[in-house]
Amino acid sequence: MAQPTTASASELPPLKFTVRRQEAELVRPAKPTPRVHLPLSDIDDQESLRFQIPTIHFYGAGDNIIDRRDPVSVIRKALSQALVSYYPLAGRLREFPERKLFVDCTGELGVLFIEADADVALKHFGDALQPPFPGLEDLLYDVPGSSGVLGCPLLLIQVTRLTCGGFVMAVRLNHTMCDAPGLVQFLTAVGEFARGNEAPSIDPVWERHVLNARSPLRVTCTHREYDEEDVGAIVIPPLDEMVHRSFFFGKTESAALRNLVPPAQREACTSFDLMTACLWRCRTIALNFEPNEEVRVLCIVNARSKFEPPLPSGYYGNAFAFPVALSTAGNLCKNPLGYALKLVVKAKADVTEEYMRSMADLMVLRKRPHFTVGRTYLVSDLRRSGFGDIDFGWGKARYGGAAKGGVGAIPGVASFYIPSKNDKGEDGTVVPLCLPADAMKVFEEELQRMLNHGYRGHQSTPRILSAL
């Protein structure tokens, strides 16, 4: 059954260690770069992406002669080299009228870089590296004044040496600049320079105009993910007041879920569809919404292949949609898993080239809104993103991906699907989740019940938090 992983098990003593940081510095492109103003796309600059997103990457000491180099020096130099091609990441965001964002590339700024050392070895983080990570706030230090969206560094990288010879590289990115494939493309280029390459294997492509709104504007698709709502009525507790857990889904859990849906659905759905339907249902039960309240799950869908012709190879901007599945809480909780599964599959299928064009038009017409937050759950599949494959000369990461769950412009709403191994060495997917403490207890019980025994009648529990 999908138990909380060892990384978050309450019976383990918390890992404590000290991180000694050097002063943050600006790393600039290694060569002169264009001095230009570059507008973001009308997908990039929506309110939903105006936040800083953290990732983290753990590396062992390696066993080759190249691995005796200092990872801080290697990555700092490689970063400077990669920024020559990816120079917009060294700029700063400004805002035009109508909330249009552009990057001010002056050639004189750069990205924040922190050198650090920790008195801990990689093995002390456990065999199953999974969020939430102890000491994250020290492994990815929030430099005062650096975390804003406008006028702040677009990228922060901290490289922390470990006592075993391994290291941790933590990254914080302004999400308006890149999505997960775009960030992986950039970090892969840094890794290629670190390993001695003279140029990145994929040339970066800016061309944000390809995802701009049309003229005349015409919203041709239904975009319930951007339904208007009374923002003042939404009350969400701070992220640090929520309980953070990670849940592991391996072959056993996946098989249990497949056995809960009819054969026709079982053969046609993906593991993403099944996990999303299951987590949405369990989360909704845990939060105990009123039966007639509308609940929703947003599924991030990479739209690069939806275009004809496809977006240019090397495009590193945001190229995804938030299609939404909707239900009343009562129907979602009382129906079998196949009901939620059908809604998730249909939502994903909505994303086409026309859907993306229509979404860009909506952004301009409605002044770049945030997706609907009330009673919303958002999931993003990072299993094939390539974070774990990034190599700076020490081999692939022992873990690479989301630093924690719940990150976003609205804390606590999002989960990520991350490739991982459990403490038995079994391959699977780890899912970080954030909920209020009472709701997390109900969620764990419901998930275990579903995986072991199927369903239960939806029993009333104390009301937790309707805003989520």
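A: Pro132 is in the loop between S7 and H2. In this naming, helices are DSSP runs of H or I with at least four residues, strands are runs of E with at least two, and both are numbered from the N terminus. The model is predicted, and local features need pLDDT of at least 70, side-chain atom pairs count only at pLDDT 80 or more, and totals for chains, interfaces and linings use all residues. Residues are numbered from 1 along each chain as its sequence is written, and side-chain values use heavy atoms, with hydrogens and water left out.

The peptide bond from Pro131 to Pro132 is cis, with omega near -5 degrees. Most peptide bonds are trans, and most residues other than glycine have a negative phi.

Phe133 lies in this loop, between strand S7 (111–118) and helix H2 (136–139). Its partner is Tyr399, and the two form an edge-to-face aromatic pair, 5.0 Å centre to centre with 65 degrees between the planes. Rings of Phe, Tyr and Trp (its six-membered ring) pair if their centres lie within 6.5 Å; planes under 30 degrees apart count as stacked, over 60 as edge-to-face and the rest as tilted. Tyr399 belongs to strand S16 (residues 399–402), so the pair ties together parts that are 266 residues apart in sequence. Both Phe133 and Tyr399 are buried. Buried means under 20% relative accessible area, exposed over 50%, and partly exposed in between (1.4 Å probe, protein chains only). Ring pairs also join Phe133 and Tyr399 to Phe17, Phe58 and Phe125 in a cluster. By the ring rule above, the count comes to 16 aromatic pairs.

Rings also take part in another arrangement. The charged end of Arg21 sits over the ring of Tyr141, 3.7 Å from its centre. The charged end of Arg208 sits over the ring of Trp206, 3.9 Å from the ring centre. A charge counts as over a ring if NZ of Lys or CZ of Arg is within 6 Å of the ring centre and within 35 degrees of the ring normal.

The backbone has another cis peptide bond, from Ser215 to Pro216, with omega near 0 degrees. Pro216 is in the loop between helix H3 (180–194) and strand S10 (243–249).

Positive phi values occur too. Arg99, in the loop between strand S5 (92–95) and strand S6 (101–105), has phi near 65 degrees, a positive value in a residue other than glycine. Arg99 is partly exposed, with a relative accessible area of 26%. Arg375 has phi near 55 degrees, again positive in a residue other than glycine. Its place is the loop between helix H9 (353–365) and S15, and Arg375 is partly exposed, with a relative accessible area of 26%.

Strand S15 (residues 376–381) contains Ser380. Ser380 is buried, with a relative accessible area of 8%. Not counting residues up to four places away in sequence, Ser380 touches Ile300, Ser415, Phe416 and Tyr417, where contact means heavy atoms within 4.5 Å.
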